[in-house]
Amino acid sequence: MSRLILQTLAAFVIAAFSLAGCQREKAPATSETATVSSPPVDPAAELSRAHDGDARVQLRVGLLYLRGEGVPQDYREARFWIEKAARQGLADAQTRLGTLYRDGTGSVPDPELARQWLEKAAGQGHAEAQIRLARLLLADSLHAENIAIARQWLEKAAAQGMDEAGNVLSGFSADGKNAIADFGKIRSWLNAAPQELPSSATDETSGLSRPGK
């Protein structure tokens with residue numbers, strides 16, 4: 001009888017230790033998966049830094065006005081700050097500014113200014129700007145010259161791993177000539193709404209800059 005009691009007690013103790021061990025192992029997992037929220041953007045502080053000439057902050061302030069985040073939505077004020085950053089050579093801001101002029105956000109569309117700013121960003125290796133510039137060129141005309149230039153920019157973007165550029169290139173003539181082989185594919189791409197750039201002032205760097213040489 002005493003042996004049976006000892007065996008039962010031993011089994012109980014082993015089970016208790018096993019349960020405690022499992023609980024200890026699970027505890028770190030809970031802390032590891034906890035999400036840490038980003039602190040809210042302080043528009044007043046950002047605006048002060050933007051006046052000091054920080055191009056990246058100027059872009060963020062422009063995006064605050066563009067979206068109306070913490071400040072009244074004001075497209076002109078948005079373009080003012082984004083253009084300040086763009087004039088300092090920030091490719092992300094140049095891409096955004098070119099897109100604003102392309103879409104006529106806060107003003108009438110200006111394809112020429114859009115092209116100028118997208119060319120500046122594309123020349124710095126900004127893959128999204130390269131794609132948007134190619135789209136702008138082909139939307140303007142499918143003449144051989146535009147096709148040739150658009151193809152060059154799409155090839156640069158595709159070399160940086162941009163799948164969209166590679167898909168569009170499959171609609172060009174495979175023999176290297178400046179011609180379109182699949183007009184349906186190109187027209188579908190031109191008619192589709194372009195993917196929006198990140199607009200939140202807290203994530204304007206996400207997916208924008210893709211350095212390329």
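Figure 1. Buried means under 20% relative accessible area. Gln 94 has a relative accessible area of 4%, so this residue counts as buried. The model shown here, and in every view below, is predicted. Gln 94 sits in helix α5. Its C-alpha atom is separated from that of Trp 117 by 5.4 Å. Along the chain, Gln 94 and Trp 117 are 23 residues apart.

**Figure 2. Overview of the protein.** The protein has ten helices and zero strands. Read along the sequence, the pattern is α-α-α-α-α-α-α-α-α-α. Of its 213 residues, 38% count as buried. The accessible surface comes to about 12500 Å². Carbon and sulfur atoms account for 54% of that surface. Take the contacts between residues at least 6 apart in sequence: 52% of them join residues at least 24 apart.

**Figure 3. Helix α5 against helix α6.** Helix α5 covers residues 91-103, and helix α6 covers residues 111-123. Their axes come within 8 Å and cross at roughly 160°. That angle is over 145 degrees, so α5 runs roughly antiparallel to α6. The crossing of α5 past α6 is left-handed. On the α5 side, the contact uses Ala 91, Gln 94, Thr 95, Leu 97, Gly 98, Tyr 101 and Arg 102. On the α6 side, it uses Leu 113, Ala 114, Trp 117, Leu 118, Lys 120 and Ala 121. By class, the contact of α5 with α6 has eight nonpolar, three polar and two charged residues.

Figure 4. Asp 92 lies in helix α5. Asp 92 has a relative accessible area of 2%, and therefore counts as buried. The C-alpha atoms of Asp 92 and Leu 118 are 9.9 Å apart in space. In sequence, Asp 92 and Leu 118 are 26 residues apart. Arg 102 is also found in helix α5. Arg 102 counts as buried because its relative accessibility is 16%. From Arg 102 to Trp 117, the C-alpha separation is 10.0 Å. These two residues are 15 apart in sequence.

**Figure 5. Helix α7 against helix α8.** Helix α7 covers residues 127-140, and helix α8 covers residues 144-159. Their axes come within 8 Å. The crossing angle is roughly 160°, which means that α7 is roughly antiparallel to α8. α7 passes α8 in a left-handed crossing. From α7, the contact draws on Ala 127, Gln 130, Ile 131, Leu 133, Ala 134, Leu 137, Leu 138 and Asp 140. From α8, it draws on Asn 146, Ile 147, Ile 149, Ala 150, Trp 153, Leu 154, Lys 156 and Ala 157. The residues of this contact divide into twelve nonpolar, two polar and two charged.

**Figure 6. Helix α7 against helix α10.** Helix α10 covers residues 183-191. α7 and α10 pack at an angle of about 110°, with their axes 10 Å apart. This angle makes α7 roughly perpendicular to α10. The crossing of α7 and α10 is left-handed. Ile 131, Ala 134, Arg 135, Leu 138 and Ala 139 of α7 make the contact with Ile 186, Trp 189 and Leu 190 of α10. By class, the contact of α7 with α10 has seven nonpolar residues, no polar residues and one charged residue.

**Figure 7. Arg 49 in helix α2.** Helix α2 covers residues 43-51 and includes Arg 49. The relative accessible area of Arg 49 is 39%, so this residue is partly exposed. Leaving aside its neighbours within four places in sequence, Arg 49 is in contact with Asp 54, Val 57 and Arg 60. Arg 49 and Val 61 are twelve residues apart in sequence. In space, their C-alpha atoms are 9.4 Å apart.

Conventions. Residues are numbered from 1 along each chain as its sequence is written. This is a predicted model: local features need pLDDT of at least 70, side-chain atom pairs count only at pLDDT 80 or more; totals for chains, interfaces and linings use all residues. Side-chain values use heavy atoms; hydrogens and water are left out. Helices (H or I, at least four residues) and strands (E, at least two) are DSSP runs, numbered from the N terminus. Buried means under 20% relative accessible area, exposed over 50%, partly exposed in between (1.4 Å probe, protein chains only). Contact means heavy atoms within 4.5 Å. Accessible areas come from the Shrake-Rupley method with a 1.4 Å probe; for residues, only the protein chains shown count as cover. Axes are lines fitted to C-alpha atoms, for helices over the stretch in contact, and angles run from 0 to 180 degrees between N-to-C directions. Angles under 35 degrees count as roughly parallel, over 145 as roughly antiparallel, 65 to 115 as roughly perpendicular and the rest as oblique. A crossing is left-handed if the near helix is turned anticlockwise from the far one by less than a right angle, and right-handed if clockwise. Ala, Val, Leu, Ile, Met, Phe, Trp, Tyr, Cys and Pro count as nonpolar, Asp, Glu, Lys and Arg as charged, and the others, Gly among them, as polar.
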